[in-house]
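This report describes selected features of the structure shown below. The account begins with a sheet and then turns to domains, chain contacts and helix packing.

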Amino acid sequence: MIPAINIQQLHKHFGDLHALKGVDLSIEQGEFFALLGPNGAGKSTLINLLAGLLRPSSGSLQVMGHDVHAAYAAARLALGVVPQELVFDPFFNVREMLRFQAGYFGRGRENDAWVDEIIESLGLADKAHTNMRRLSGGMKRRALIAQALAHKPPVIVLDEPTAGVDVELRQTMWEFIRRLNREGHTIILTTHYLEEAEALCSRIAMMKHGEIVALDSTRNLLNRLPGKRLKLSLSAPLPEGLRALVRSEQGRDYILAIADTTQLELILSELRVAGVSIEDMQLIEADLEDVFVELLS
Amino acid sequence: MKTSLSTSSNARSNLLGTWTLFKKELLRFWRVSFQTVAAPIMTALLYLLIFSHVLEDKVQVYPGVGYTAFLIPGLIMMSLLQNAFANSSSSLIQSKVMGNIIFVMLAPISYLGFYLAFLAASIIRGLVVGLGIFLVALLFIDLPLAHPGWILSFALLGSGLLGTFGIIAGIWAEKFDQMAAFQNFVIMPLSFLSGVFYSIHSLPPFWQQVSHLNPFFYMIDGFRYGFFGVGDISPFISLGVVAGSFFALSLLTLRMLKSGYKLRG
């Protein structure tokens with residue numbers, strides 16, 4: 001099967017800045033894929049190149065087998081992009097914007113039923129005739145997502161879709177996006193909420209300084225950090241003998257990395273000997289944030 | 001077979017995409033028609049009232065043509081040109097500054113389709129404003145229509161030329177200040193010094209020569225010829241200059257759009 005996205009040796013320079021340094025990436029059709037990385041890692045540059053908003057310095061990008069430049073029309077028809085910024089056209093209402101957006105992609109009146117469906121599914125029904133200017137931030141975000149879906153693209157890119165969005169919208173939105181994924185749409189997500197990526201995505205790429213530093217299934221990435229995390233709140237500073245285990249600390253709150261639960265007894269006895277009492281204790285599994293910190297530090 | 005099907009599907013998408021962008025651009029100016037249509041008509045009428053009141057009995061530019069009658073075609077054409085320019089330029093700069101141009105940039109509309117949509121909307125706004133001034137002016141004075149074909153040709157070519165110029169300005173400018181500079185230091189002087197209010201034959205020889213370098217002069221003179229059958233120069237020369245300028249600017253615009261200048265980094 002043709003990959004939904006195929007990127008080979010992609011380089012992008014902005015003057016002296018080498019923003020992307022030979023990125024290779026293939027995303028299969030039907031995947032729920034996350035692109036993670038700190039600010040300035042190159043995620044948005046990669047998405048803008050995919051959408052044809054930027055031109056690569058070298059390398060190739062294909063969407064559903066169509067070259068983003070040589071066959072730009074077919075590539076753009078296959079792609080829906082939710083931009084990161086809350087942009088909108090102040091002259092029109094939600095329904096008008098969606099119809100225009102579908103029209104730009106060659107969809108006419110026959111597409112109206114789909115437009116109604118996305119308005120309904122994203123909770124925009126009572127705002128369909130409201131001017132875009134009058135929408136709240138969350139509603140504008142919903143409208144942006146709806147615009148990206150207006151032409152029913154097989155590949156959907158969501159660039160930080162939940163930034164500044166309340167819990168209710170997040171749930172409505174992810175429910176809808178999950179449904180699209182079950183129906184066969186490929187979803188590519190960038191987010192700063194790592195728990196979202198962990199819960200939703202089957203595969204993850206982590207970027208740093210314009211390169212992909214990790215590309216694996218979510219499960220394999222989580223397995224990279226075996227063991228558990230011990231979260232402790234202590235009455236006094238941690239004894240020196242345990243400092244080698246510290247992952248992070250804040251005041252007298254510590255997170256220690258432990259290989260297995262047998263190590264617990266040793267830690268507790270060391271604390272007892274030092275006369276340090278435990279005010280609170282929690283044993284937690286390593287999560288994507290730990291992997292992220294580990295890989296990018 | 002698959003290739004030809006997908007090619008025809010892409011062509012249909014592009015056609016409908018262009019049509020949608022054109023409709024959106026029309027609706028955009030129509031939604032604020034007090035500002036985009038009524039206001040320029042009002043401004044032109046104020047010029048007409050003031051200048052005709054002051055100069056009607058004192059100036060006769062062409063034999064048998066009163067000053068008010070002489071002035072009206074010039075005012076119509078000046079407003080038509082300014083509004084054709086304003087339509088494409090303001091739409092593009094607003095979309096760029098607000099960021100919503102991304103919605104069009106993500107779509108599979110070709111650079112030619114993009115150009116045609118903005119061009120056609122600009123022409124229509126120019127014609128609507130021009131027609132509005134013409135109809136209101138008819139309440140005050142009977143205007144001859146010696147050669148309607150020339151009137152229509154110059155109206156279409158003039159609004160096309162300025163609509164194209166507006167696209168170039170809209171792509172080039174990065175902030176409202178730059179656009180205002182373009183409008184106030186290029187468009188306004190060229191339109192005011194083009195013979196809207198006078199015949200260039202009333203100017204000293206040096207300034208007559210300078211006026212021949214102003215493309216607005218040819219648009220206004222050719223347009224006025226369509227009403228009175230008389231002008232400062234042959235309408236064929238004016239048509240050649242205006243059509244040539246339109247063709248050259250269109251090529252430049254298409255080249256800018258194809259290269260993604262200031263739109264696709």
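## An open sheet in chain A

In this predicted model, four strands of chain A form an open sheet, arranged in the order β2-β1-β4-β5. The pairing is antiparallel. Strands of a sheet pair through backbone hydrogen bonds, in either a parallel or an antiparallel manner. The edges of the sheet are taken by β2 (17-27) and β5 (66-67) of chain A. Each of these strands has a single partner strand, so one side of each is left without a neighbour in the sheet.

Within the sheet, strand β1 (residues 5-14) of chain A is joined to strand β4 (residues 58-63) of chain A by five bridges. These two strands run antiparallel, and A:I5 stands opposite A:V63 in β4(A).

## Two domains of chain A

Chain A is divided into domain 1 (5-223) and domain 2 (228-296). The centres of the two domains, taken over C-alpha atoms, are separated by 39 Å. Where the domains touch, eleven residues of domain 1 of chain A are in contact with eight residues of domain 2 of chain A.

On the side of domain 1 of chain A that touches domain 2 of chain A, the elements that give two or more residues are α7 (194-200), β9 (203-208), β10 (211-217) and α8 (218-223) of chain A. The element that gives the most to this side is α7(A), with three residues. By class, this side of domain 1 of chain A divides into nine nonpolar, no polar and two charged residues.

## The contact between chains A and B

How many residues does the contact take from chain B and from chain A? Chain B gives 26 residues, and chain A gives 25 residues. On the side of chain B that touches chain A, two or more residues come from each of α1 (2-31) and α4 (102-105) of chain B. Helix α1(B) gives the most to this side, with twelve residues. The residues of the side of chain B that touches chain A comprise eleven nonpolar, ten polar and five charged.

## Helices α2 and α3 of chain B

Two packed helices are described by the angle between their axes and the distance between the axes. Helix α2 (residues 33-55) of chain B packs with helix α3 (residues 67-98) of chain B at an angle of about 155°, and their axes are 10 Å apart. This angle makes α2(B) roughly antiparallel to α3(B). The crossing in which α2(B) passes α3(B) is right-handed.

From α2(B), the residues of the contact are B:P40, B:A44, B:Y47, B:L48, B:F51, B:S52 and B:L55. They meet B:Y67, B:T68, B:L71, B:I72, B:L75, B:S79 and B:N83 in α3(B). The contact of α2(B) with α3(B) has ten nonpolar, four polar and no charged residues.

## Helices α9 and α10 of chain B

Helix α9 (residues 215-228) and helix α10 (residues 235-259), both of chain B, have axes that come within 9 Å and cross at roughly 135°. That angle makes α9(B) oblique to α10(B). Here α9(B) passes α10(B) in a left-handed crossing.

The residues of α9(B) that make the contact are B:P215, B:Y218, B:M219, B:D221, B:G222 and B:Y225. Those of α10(B) are B:P235, B:S238, B:L239, B:V241, B:V242 and B:S245. In the contact of α9(B) with α10(B), eight residues are nonpolar, three are polar and one is charged.

Conventions:
Residues numbered from 1 in each chain as written. Chains lettered and ligands numbered in written order. Predicted model: local features only at pLDDT ≥ 70, side-chain atom pairs only at ≥ 80, totals over all residues. Axes fitted to C-alpha atoms, helices over the stretch in contact; angles between N-to-C directions. Parallel < 35°, antiparallel > 145°, perpendicular 65-115°, else oblique. Left-handed = near helix turned anticlockwise from the far one by under 90°. Contact = placed C-beta atoms within 7 Å. Nonpolar A, V, L, I, M, F, W, Y, C, P; charged D, E, K, R; others polar. Domains from an automatic or database assignment. Pairing = 2+ DSSP bridges.
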